Amino acid sequence: MKELLITTHELWLETLMASFMARQTENKRTLDEFSDILWRHFTWIEHELIERGIEYDYNRNTIPIKVERLSVIVADIVRRMNEMEMRLIQCDDAALRDRIRTDLEYMRFALGKLPDEPVEAFSMKRRYREIDLGKEATDALTLFLFEESYKEYELIMIYNYLKAHSDDAFLIRVFQILIDESFFHLRSFCEMMAEMGILGVPRVIHESLYKVSDIEKFLLDGIEEEIAAKDQCRELSAAVASESEELAKFFDFINYQENYHIELMREAAAHYAESRRDG
Amino acid sequence: MEVDRELLEHMANPHNYGLLEDADGIGIGENPQNGEKVIVYLKIEEEEGKSPKIEQIRFQAIACMTTVVAGSIITHEAEGIDFETAEDLVAVTLGMLENVPPEEAACSEMVAVALKAAMDSCIERKEHPERPAVVYKIEQSCTPQPVPNPLETSKEQSS
């Protein structure tokens, strides 16, 4: 069952990355939707592990994604789907097993019909649309995107783990909002990376980051990080305003979103502290 | 940090990143100021009368991208060498950091001391296999630097 979780984790990430590589709208939409379905499989399998009292973590292998044509990564996704189907035997829940099997069957069929296209996501051209940035600025933007794409993946996995292990409806709601928000940010940053030819899979996260013993402290530390991210976005927006209205508006948009995250995290920390006091 | 093609490769596909199951030794390099850490896992090959050889090496970083790049470069260098040569690699790396600003040096120092800790862990575990990971703290001070503002830099250049 643990192997099934790892296979699903790798398959989900590879499919998500493939959606960023795709430029043709229909290919992108299909891969993006399939990655969403695979993410749901991942969370359902995780739930099964918890129900059965099996210890697990989010360790996985590195996922090579550097290809020149979309058909190559799609073929690898199909290979992983076959592997996942074989591992389904580890799943005791017949309804879940059948649901995943029929999903895999359809997705493989649909992937077989996807038109091929060249992939530019690894060209290393490091230019975003028509925006003209100097060398130093491009270097800094590159670092920013690598750091932040990893950070968003890390947040998705941390909040997902906390949500999976919580039975508090209030906290579950907050964690789900933060997961959804981080998905949006991850997509935005990875789309920029793909456009700049520097797409990379976020690295594996260490289990000490999500197997958190003090949730209140974790949330309060997280607020500090969100405030720092807000400052970064505000500076980015102000600096770019004269050069790119598009980027300025984007970083303002991300900045304003962080306000809500901070408020939710404050409420969650207070709620957690209160429920701990009440025993 | 100036980004060239080689550095980009390390960022996108860091060498030896991840966990090594059944490692012979585990070492941690830790920054006591901010809790950042690097974990190095080693699998070694031993031959009578010779210095142990690093057969496999993996690392994980709870730290910034600069640390990941340093981990990728240093562990790539350490792959397949014996402990004596690896000790030299650690010493050379730490020596090179003397003239580097502390906040930049801390990232490489964390990797170098984690490698040293992992080698010491291998030696310790020969006698006491149950011993936990060896942890060394770094000396350089590293206050997390805000990510440089690319667009501000661009503005300065254009003005």
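## Strand order and helix packing

In this predicted model, chain B contains an open sheet of four strands with mixed pairing, arranged in the order β3-β2-β1-β4. The edges of the sheet are formed by β3 (53-62) and β4 (134-137) of chain B, each of which pairs on one side only. On average, and with direction ignored, neighbouring strands of this sheet are turned by 20° against each other. Strands of a sheet pair through backbone hydrogen bonds, either parallel or antiparallel. Strand β1 (residues 25-30) of chain B and β4(B) run parallel and are joined by four bridges, and Val135(B) in β4(B) is the bridge partner of Ile28(B).

Helix α4 (residues 102-127) of chain B lies across β1, β2 (37-45), β3 and β4 of chain B, and runs at about 150° to β1(B).

In chain A, the axes of helix α1 (residues 2-21) and helix α2 (residues 25-51) come within 8 Å and cross at roughly 160°; α1(A) and α2(A) are therefore roughly antiparallel to each other, and their crossing is left-handed. On the α1(A) side the contact is made by residues including Leu4(A), Leu5(A), Trp12(A) and Leu16(A), and on the α2(A) side by residues including Leu31(A), Phe34(A), Trp39(A) and Phe42(A). The residues of this contact divide by class as follows.

| Class in the α1(A)–α2(A) contact | Residues |
|---|---|
| Nonpolar | 13 residues |
| Polar | six residues |

Definitions and conventions: Residues are numbered from 1 along each chain as its sequence is written. Chains are lettered from A and ligands numbered from 1 in the order in which they are written. This is a predicted model: local features need pLDDT of at least 70, side-chain atom pairs count only at pLDDT 80 or more; totals for chains, interfaces and linings use all residues. Axes are lines fitted to C-alpha atoms, for helices over the stretch in contact, and angles run from 0 to 180 degrees between N-to-C directions. Helices (H or I, at least four residues) and strands (E, at least two) are DSSP runs, numbered from the N terminus. Angles under 35 degrees count as roughly parallel, over 145 as roughly antiparallel, 65 to 115 as roughly perpendicular and the rest as oblique. A crossing is left-handed if the near helix is turned anticlockwise from the far one by less than a right angle, and right-handed if clockwise. Two residues are in contact if their C-beta atoms, placed from the backbone, lie within 7 Å. Ala, Val, Leu, Ile, Met, Phe, Trp, Tyr, Cys and Pro count as nonpolar, Asp, Glu, Lys and Arg as charged, and the others, Gly among them, as polar. Two strands pair if DSSP finds at least two bridges between them.
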